[in-house]
Amino acid sequence: MTFKSFIAVQLLEPTLFVEPVSDATLVIRGTININLPSTTIVKSISVQFDGKMAIKSYLSSSTNTGGFAQKKSIAHRRIALYPTTEQQTDTHCPLVLNAGLTHYHFEMPMPSKLPETVDCSDVKVNYHVTAVMEYESNSLLRVGRSNAAKSCGKQEVRIVRLPHGNLLVGNNACELIDSGTHTSAWLQYRVLVDKKSISLGSELPITFRMMPTRDKISVEGINVQILERRDVFGKSTHTNHTVEYLSPAATNETKIPKATLSEAWEGTIRYNIPAGKSLVHSTLANADFDIKHALLVSMVLSIPGGGLGGRTQKLVTFQSKIDLLDQAVGKLGSLKVPTYDCPPPFDDDSTFVYNEYDDKYNDPIAYCDIHDDEHNYNEH
């Protein structure tokens, strides 16, 4: 039989964003909502924060090879909302809650330097806030047993890492990946990747600059891949790899030239970063696991060769590290923060004419000027 919970957790910020090199203490804030069908004597109300990590086992001697055998707690905090330290000494004043909805607000500091939330085939890291209420039950189902009962409510908390450099103040905006100008036997090229850090589910613009160094050179195609490496540490290190091909965004207007390159060509193509289970975001290295990514760009060239009038293919590649971020980071760009140089709000029926702002909101007149005006008036 399923019993309805009388208590629920409502977090102010279910997703917590952390800077990779910051030691700042994070605080979870929220509200405990208790909805009772009748007047109830409450013995205790508490809130706890828990973090769990599960690492896939690759030990041949393990009875659970390939399963998540290495499970452990990585965080635990608990605060008591009732009884508090002062109330514990007073046993003659029980907490009686009337039927209906009662709210309790709370703040809880979190442990520092926790690994970010991860969910992939090798590693799972998750966090929860749980509210617990112990109370005296009047249920007929508990006849002959203790009348002590417990009700719990749980909500997930996501810890999401921001990129190196504070994204919220724009320091990361100008960081890009630049291959520099390279000259091969067939063409001179340069690859510019718009961002060193990119969130899952977003678009990655890549600019290509090509200038042929031989006649009759053409580009047959450009392939872009994300190479994922997942290291699991234990008695020995186990490494898994995933390769994900990126497809051009449907809104792209730039097309790779199919004809022979007779002059320099430049174009920017946007590629989709998938947000499903095929890729997981990068992580900071820790004692248990490390997830890293690299971007591989391959340009397939067609050049003269292979016999009379024949052609052959050549491959030019460029590879660089790239930081994949949680999908939640990409949503930060939709936050609209008001600027500080805008005029104050007016009523709906008022109008504001540009250049009238300074006249309409001048500094107040100086006290000495007011005093002089009053003195001159009295003399008349």
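The model is predicted, so local features need pLDDT of at least 70 and side-chain atom pairs count only at pLDDT 80 or more, while totals for chains, interfaces and linings use all residues. Residues are numbered from 1 along each chain as its sequence is written, and side-chain values use heavy atoms, with hydrogens and water left out.

The protein has three helices and 21 strands; these are DSSP runs numbered from the N terminus, helices being H or I with at least four residues and strands E with at least two. Of its 380 residues, 37% are buried, meaning under 20% relative accessible area with a 1.4 Å probe, protein chains only. The exposed surface comes to about 23,200 Å², 51% of it supplied by carbon and sulfur atoms; areas come from the Shrake-Rupley method with a 1.4 Å probe. Among contacts (heavy atoms within 4.5 Å) with a separation of 6 or more, 69% link residues 24 or more positions apart.

Five bridges join β1 to β3 (residues 27–36), and Val9 stands opposite Ile32 in β3.

Another open sheet has four strands, ordered β17-β16-β19-β20, also with antiparallel pairing. Here β17 (238–245) and β20 (311–321) are the edge strands. Strands β16 (residues 218–232) and β19 (residues 289–304) run antiparallel and are joined by 14 bridges. Arg230 has Ile291 in β19 as its bridge partner.

Key. Two strands pair if DSSP finds at least two bridges between them. Buried means under 20% relative accessible area, exposed over 50%, partly exposed in between (1.4 Å probe, protein chains only).
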